[in-house]
There are 2 protein chains.
Amino acid sequence: MGITIKDIAKHAGVSYSTVSKALRDSPLVKKPTKIKIMKIAEELGYQPNVAARSLVQKKSFTIGVVWPSVERIAPSILITKINDLLEEKSYTTLLSINKVESAIATFNRFQVDAILVFGENKTVLSDSSIQTTVPILYYGLKENSTYPTIDVNRRKAIKLAVNYLQEIGHKKIAFIGDLSDVDPLQKEKAIGFFEAMNVKRASELPDLVIPTNGLEVHDGFHAAKTLLSNNTDITAIISGSYDLTRGILRATSELALHVPKDLSIISYDNIPQSDNLEVTLSTVGVPVTRIAKQINEALLSIIEGNDIQDSIILEPELNIANSCAPFGWYD
Amino acid sequence: MGITIKDIAKHAGVSYSTVSKALRDSPLVKKPTKIKIMKIAEELGYQPNVAARSLVQKKSFTIGVVWPSVERIAPSILITKINDLLEEKSYTTLLSINKVESAIATFNRFQVDAILVFGENKTVLSDSSIQTTVPILYYGLKENSTYPTIDVNRRKAIKLAVNYLQEIGHKKIAFIGDLSDVDPLQKEKAIGFFEAMNVKRASELPDLVIPTNGLEVHDGFHAAKTLLSNNTDITAIISGSYDLTRGILRATSELALHVPKDLSIISYDNIPQSDNLEVTLSTVGVPVTRIAKQINEALLSIIEGNDIQDSIILEPELNIANSCAPFGWYD
DNA sequence: AAATAGATTAACAACGTTGTAATTTTAATT
DNA sequence: AATTAAAATTACAACGTTGTTAATCTATTT
C-alpha cells in the first residue's frame, strides 16, 4: 500500500539500504545522492513504517499515556504541555482511554518506549495485576505501587496557604474543597488544612470547612454562597482547585464582595490563567510547566534505562498576587 | 526484552509456527498442544508484538483518533462509547492530541487501520495538506473536505424543538446558545432557530436570543438569569447544549421558577443523563449511542475497503420528558 | 600506470510474526 | 504388516526497516 524505501530505491536507482541511510541523514552517503533521495521520498509521500522500524530498533519513539478519564479538565493542560516537551525530543505521545490494565497491555504490544499513567482517583491498582516489560511512570498519589512516581505535595501546599494567611493576620480562614473519600488526591489537601489548623477532622471546624461534591465551577459557586451568607466574619478562603476558585469569585461578585478588600483568596493549582478574572490569583501549588518538565525528564530517563529514584515529590510554591491582602489593610 | 513465540516454542518443545497458530486458536493444531502452549504463554506473560504482526498482516487492529482538544467534555462521552463498541470487535483506539496534520502522519507511520478525525471548531483543514494512505473518517461539519463525514443535522434539531413548542401553544420561545463565529457547529444551531422563527439574524429577536460565550454550565446559568430577570413573559427556552441546560436549571431553581410549570425547556444534546436534575429533560438531538454506532459501522466499513457514501447526516429526534408542558396547562 | 587508502554504495541478516507449502505423525483400511 | 489418507506439525519466505560487513568506486601517491 504505502511507499517503502524499496520504491524510493527503484526510482533513485540505488540500493534500498542507501535510501535508509540517506533518509536518516547518515554521514555514510554522499550529499548529492542524499538530496536526490530525499527529494524523491518527498515526492512519493513516503512515511516511514514504525512497525518495521521499531521491530529492528526495538524502539518506537512513542510514549503511551494511560488516560482513564478524558473528562477531567485539569490534567488536560498538563498532558498538552508534556506532549509539547516530548515532541521537541522527537517523541510522540499516544493516549489510551481504556482501563489501566488493558491500556498498559496495548502499549506493551505496541512496544512504546515508556508508559505514563495518570493516577486515577478511583482505581488504585496493585502492581500484581500489571504485566509490562515497558517501563512505567506514575503521576499522582503513590499508594501501594512500586513503580516510580511523580507527585505533588498537596498537603504542604495547603499548609503554605494557611500559614501565609495567618502571618498576614487572618484568623477566620475557610477551606472549600472536595472532601469525598473516593479521591485521595483531594483528601490530601483537606488533611493539609486540618493539620495547619491544628485539628483532626472537619467536624472540629464546622463553619470553616465547606465540602463540595466535585471540582467544577458551580461547586465552588455554591459552596461560597453557602459559606458567605452564613458566615460574614470569614476574612480568607483557601480553594481546593482553580475551577472552584472561579466559582468562588463568581459568588463574591454576585454578593458584591470585593477581593481582596472584603475577602482574601488563595487558590490551589498553579496553571496559567486563561480566563480573565477580575483579579490575578494568589496561588499555591506546583506550576504545570514544572510538573511537565519533571515528568518529561523522568520519562526520558527511564527510557534510557536509568532507574530514577523511585519517587519524586514536587514541593509546592506560594505565588502572591492580587487576590489576598493583610487583614485590616483596607480599614 | 519481551517474550516471543520462539521462547514459548522452546519451553513447549514445538516449532514457533505451531505456537503462532495455537495462540490464534487455529484449527490446524491439536487441542492438547494448543492448551499446553496457551498455558505456557500465560505463564511467561507473553504479549504479541503488534509491530511484527502488523508488518506481515498489514493490519494493526487499531483506530487512530485525532483529538485536538482534550479539554472538551461533550465529545468525551462519545469517544468513550465508540471505544467500547470497537473493543467488542477487538479493535483498540489510540488518541493523539497533536495537530491534525501531524496526528494523521503519526497514525500513518503506525499503520493504524483507520483514522477518525473529530472536526475541530477552529481548524478547517484543506485536504491538500493531508498525506495519508490510511482511510479517514470525519465527525463534524463538512466544509471543503472530500473525506467521508458523519455529522448531525443540528439545524433541524433546533427547528424540531421550536416547532414542537409552538405546537403545544408556546409563543415566547427563547434560545440560549453560543453564537460566536468561531464554532460552525454552534452556528448551525442558531441558524436553525432563526429559520424556525422566520428571521434572518439574532438582532431581529433581541429579547429571545441570548448569546453565551461558551458551552459551560455557568454560561447557561448567567444567560438564563439575564433572560429571566428581564423577560418575565418567556414561556419556553431552547438550550444549545446539555451543560448550558444544567446552568439554566440552576438559575430557574434559584429564581424559584418551576419547570415545566412556569417554564418549558428543551435541550440540545441527547446524552444519558448522569446528573440527577430535578426534572428529566426533554431533548432534541441524536442519541450518542446512535452516533457512536454509526461511526463504529462507518469505521469498520472503510477498513474493509468499502467506500462509504461520502457523507452521512444523522437526523435528530425529539424526546419529550418532563421539562416541557403545553402552554397554559397549569392555569 | 599501478598500488593503495578512503569514500561511497550494495548485500544481507536480523527483528517477531503470519501464511503457505512441505514434511512428519497418526489412524484407518486392506 | 503394508498402504493410504488425514491430521498435526514444521520449515521457510515475507513484511519494511536498520546495522554490519562486503564490494566497488575515486582519488592520491608512487
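Which residues does B:Leu299 touch, not counting residues up to four places away in sequence?

1. Before the answer, some housekeeping: this is a predicted model, where local features need pLDDT of at least 70, side-chain atom pairs count only at pLDDT 80 or more, and totals for chains, interfaces and linings use all residues. Residues are numbered from 1 along each chain as its sequence is written, while chains are lettered from A and ligands numbered from 1 in the order in which they are written.

2. Leaving out those sequence neighbours, B:Leu299 touches B:Ile63, B:Ala114, B:Leu116 and B:Leu137 (contact: C-beta atoms, placed from the backbone, within 7 Å). B:Ala114 sits 185 residues away along the chain, yet its C-alpha is 6.8 Å from that of B:Leu299.

3. B:Leu299 belongs to helix α11 of chain B, residues 288–303 (helices are DSSP runs of H or I, at least four residues; strands are runs of E, at least two; both are numbered from the N terminus). B:Leu299 counts as buried because it has 27 C-beta neighbours inside 10 Å (buried: 20 or more other C-beta atoms within 10 Å of its own; exposed: 12 or fewer; partly exposed in between; C-beta atoms placed from the backbone).

4. On to chain A, with its eleven helices and twelve strands. Its C-alpha trace spans about 85 × 45 × 30 Å along the principal axes, and 44% of the 331 residues in chain A are buried.

5. As for contacts in chain A with a separation of 6 or more, 69% join residues 24 or more positions apart.

Methods
Two residues are in contact if their C-beta atoms, placed from the backbone, lie within 7 Å.
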